[in-house]
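Take a look at the model below. Then read on with the chain in view.

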Amino acid sequence: MNVTIFGATGGVGSECLRQCIDRGFTVTVLARTPDKLPQGMHNKATIIKGDGLAYEDVASALNENTDAVLFAVGVDEKTSPENLCTNVTRNILAAMREKGVKRLVWCGGGSNLLPEDTVGFGARFVRWYAEHFLRLRHFDKENQLALLNKNTDIDWVGVRPLQMKAGPQTGVYRVGFDKFSGLSSISFADCAHCMIEQLADDTWLHKAPIIQY
């Protein structure tokens, strides 16, 4: 499979990069700071220095042979511009249409409650906390999801992790709309594993289930 990754220098994105290479995929990465990529990966993928907020850079990371896009761009509450993920996604969608790429798998956030969710006190607390203390990230991911819901001609799938942490790739986790809380967790490695599994699985097409242990 020929995959382009956005956000490959972060916790989830670097795992997406490693696991795609381990599976024998042909990988292209767009990165503002390629030096931040995991050691040993520079010679195993095509690395393009560029900014996801620049359409020309995004388009340069896709071509007619690209099968899918993995979106793992993170938001820093102190340094990221407003609506970073939403605006990068807008560029990706336009470039995918231009190059004829249909599949997009993206990493969202558990604070964005969906009609399918099993909402209890824990989920409501997660949303309240994010709205007050992680506003940039919360509303960006909410706007990103709203944008994707308007673009169903693209075969997108989302996964929504809660607490993400370093840890092993187990391949054993729950994906769905089960009850969750601020204590729900997943490793970067298993979140990436789930995202890669969605590249060829239509079970959650145009949906964004929660991923947790």
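## About the model

This is a predicted model, in which local features need pLDDT of at least 70, side-chain atom pairs count only at pLDDT 80 or more, and totals for chains, interfaces and linings use all residues. Residues are numbered from 1 along each chain as its sequence is written, and side-chain values use heavy atoms, with hydrogens and water left out.

Helices (H or I, at least four residues) and strands (E, at least two) are DSSP runs, numbered from the N terminus.

## Helix H1

Helix H1 covers residues 11-22. The expected span of a helix is 1.5 Å times one less than its number of residues.

Nine of the 12 residues of H1 are buried. Buried means under 20% relative accessible area, exposed over 50%, and partly exposed in between (1.4 Å probe, protein chains only). Among the buried ones are Val 12, Leu 17 and Ile 21. Their cover includes strands S1, S2, S4 and S7, and helix H6. Just after H1, Gly 24 has a positive phi of about 85 degrees.

## The largest core

A nonpolar core is a set of buried Ala, Val, Leu, Ile, Met, Phe, Trp, Tyr and Cys residues joined through side-chain atoms within 4.5 Å. The largest one here has 31 residues; Phe 6, Val 69 and Trp 106 are among those that touch the most other members. H3 gives the largest share of this core, seven residues. Another core, of 30 residues, lies apart from it and includes Ala 8 and Cys 194.

Contact means heavy atoms within 4.5 Å. Leaving aside neighbours within four places in sequence, Phe 6 is in contact with residues including Leu 30, Val 58 and Ile 92.

Five of the five residues of S5 are buried. Arg 103, Val 105 and Cys 107 are on one side, with Leu 104 and Trp 106 on the other.

Two strands pair if DSSP finds at least two bridges between them. S4 and S5 pair in the parallel sense over four bridges. S5 and S6 also pair in the parallel sense, over five bridges. Val 105 is the bridge partner of Leu 70, and Val 105 also stands opposite Val 157 in S6.

## Two loop residues

Phi of Asn 83 is near 60 degrees, a positive value in a residue other than glycine. Asn 83 sits in the loop between S4 and H3. His 206 also has a positive phi, near 60 degrees. The loop of His 206 runs between H6 and S10. His 206 counts as partly exposed because its relative accessibility is 26%.
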